[in-house]
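Subject: Structure for your review

Dear colleague,

Please find the structure below, together with its sequence.

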Amino acid sequence: MASIRANARKVVCIGRNYADHIKELNNARPSKPFFFLKPPSSILPPASGPVLRPAGVNLHYEVELALIMGKSLRDLDERDEKGALDAIDGYAVSIDMTARNAQDEAKRKGLPWSIAKGFDTFLPMSDYIPKNRIPDPHAVELWLSVDDEVRQRDSTGLMLFRIPRVLAEVSQCMTLEKGDVVLTGTPKGVGSVTVGSVMKAGLRVDGLEVEEGRIEVEVKDKGGLYEYKET
């Protein structure tokens with residue numbers, strides 16, 4: 001798993017890719033995929049410590065299916081489904097942690113979201129999931145619980161933009177390189193966690209849990225000098 005972080009030159013995140021998640025945050029539905037970046041330094045491998053909540057941050061979870069790219073992809077045609085799926089080396093479960101109050105301020109003021117998404121530990125990831133464990137990435141059940149209460153559980157079949165369209169949109173802007181991570185969006189049910197909360201997440205294929213996809217991580221205070229304040 002450490003090699004995922006070491007090999008990822010970028011983490012590309014698809015926003016607003018599930019209709020019910022768009023509604024719960026009162027966002028506009030996009031007419032095409034849009035994306036933003038998280039730094040690879042935000043990746044938190046399994047059993048490597050807690051998620052660290054910066055002071056003043058309203059910390060939200062977002063469970064997502066992560067694609068681990070196996071080769072470079074540039075200027076992909078969205079109709080090339082085989083080319084898109086062949087470029088994926090494997091998968092992982094991820095939790096896109098978000099400083100929601102910082103993100104809300106950024107959206108109101110037309111500012112970038114980096115401060116809301118990029119803190120260290122803001123991307124817990126599962127172990128690497130071999131490609132053959134997920135025959136169809138559009139038929140996966142994602143789930144996340146907080147203190148053993150299920151908060152998110154939905155199928156990747158509900159994606160507004162399927163994986164070939166997502167990879168096409170990204171690769172027509174920037175080359176996806178071997179080792180890069182692509183987060184495919186989160187379903188409904190996002191919400192806040194506090195210090196002491198324990199998040200668990202995973203995925204199921206045909207109703208069976210994929211063991212490599214399990215995450216269990218606690219939230220603790222970050223400490224240090226940073227404290228969220230309005231810009």
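Three strands make up an open sheet, ordered β8-β5-β14, and their pairing is antiparallel. Its outer members are β8 (98-99) and β14 (191-192), each with a single partner strand, so one side of each has no neighbour in the sheet. Strand β5 (residues 59-61) and β14 run antiparallel and are joined by two bridges; here Tyr61 stands opposite Gly191. Two strands are taken to pair if DSSP finds at least two bridges between them. Helices (H or I, at least four residues) and strands (E, at least two) are DSSP runs, numbered from the N terminus.

As to provenance, this is a predicted model, in which local features need pLDDT of at least 70 and side-chain atom pairs count only at pLDDT 80 or more, while totals for chains, interfaces and linings use all residues. Residues are numbered from 1 along each chain as its sequence is written, and side-chain values use heavy atoms, with hydrogens and water left out.

Strands β11 (residues 141-146) and β12 (residues 149-155) pair in the antiparallel sense over six bridges. They form a hairpin with two residues between them, and Asp147 in the turn has a positive phi of about 50°. Glu141 has Ser155 of β12 as its bridge partner.

Tyr18 and Ser155 are 137 residues apart in sequence, yet their C-alpha atoms are 9.9 Å apart in space. Tyr18 is buried, at a relative accessible area of 2%. Buried means under 20% relative accessible area, exposed over 50%, and partly exposed in between (1.4 Å probe, protein chains only).

**Helix α6**

How many residues of helix α6 (residues 163-171) are buried? Eight of the nine are, so the helix is largely enclosed by the rest of the structure. The buried residues are Ile163, Pro164, Val166, Leu167, Ala168, Glu169, Val170 and Ser171. Their cover includes β1 (11-15), β2 (34-38), β6, α3 (81-86), β7 (88-95) and β13 (181-183).

**Aromatic pairs**

A search of the whole structure finds four aromatic pairs. Rings of Phe, Tyr and Trp (its six-membered ring) pair if their centres lie within 6.5 Å; planes under 30 degrees apart count as stacked, over 60 as edge-to-face and the rest as tilted. One of the pairs, Phe34 and Trp113, is edge-to-face, at 6.1 Å centre to centre with 85° between the planes. Phe34 lies in strand β2 and Trp113 in the loop between α4 (100-109) and α5 (114-117), so the pair ties together parts that are 79 residues apart in sequence. Phe34 is partly exposed, with a relative accessible area of 26%, whereas Trp113 counts as buried at 18%. Phe119 and Phe122 form a tilted pair, at 5.1 Å centre to centre with 55° between the planes, and both of these residues are buried. Phe34, Phe36 and Trp113 form one aromatic cluster.

**Cavity and pocket**

On a 1 Å grid over the protein atoms alone, a cavity is a set of points where a 1.4 Å probe fits but cannot get out, and a pocket is an open set with protein on both sides within 12 Å along at least five of seven lines; lining residues have an atom within 4 Å of a point.

The count comes to one cavity of 30 Å³ or more. The largest cavity holds about 150 Å³ of space. Of the 19 residues that line it, those closest to its centre are Gly15, Arg16, His21, Glu62 and Trp113. Among the contributing elements, α4 gives the most to this lining, with three residues.

About 150 Å³ of space also lies in the largest pocket. Its lining consists of Ser3, Ile4, Asn7, Ile68, Met69, Asp89, Tyr128, Lys178 and Gly179. Helix α1 (2-7) and strand β6 (63-69) each supply at least two of the lining residues, and α1 gives the most, with three.

Yours sincerely

Terms used
Points joined across faces, edges and corners; volume = space filled by probe spheres on them. Contact = heavy atoms within 4.5 Å.
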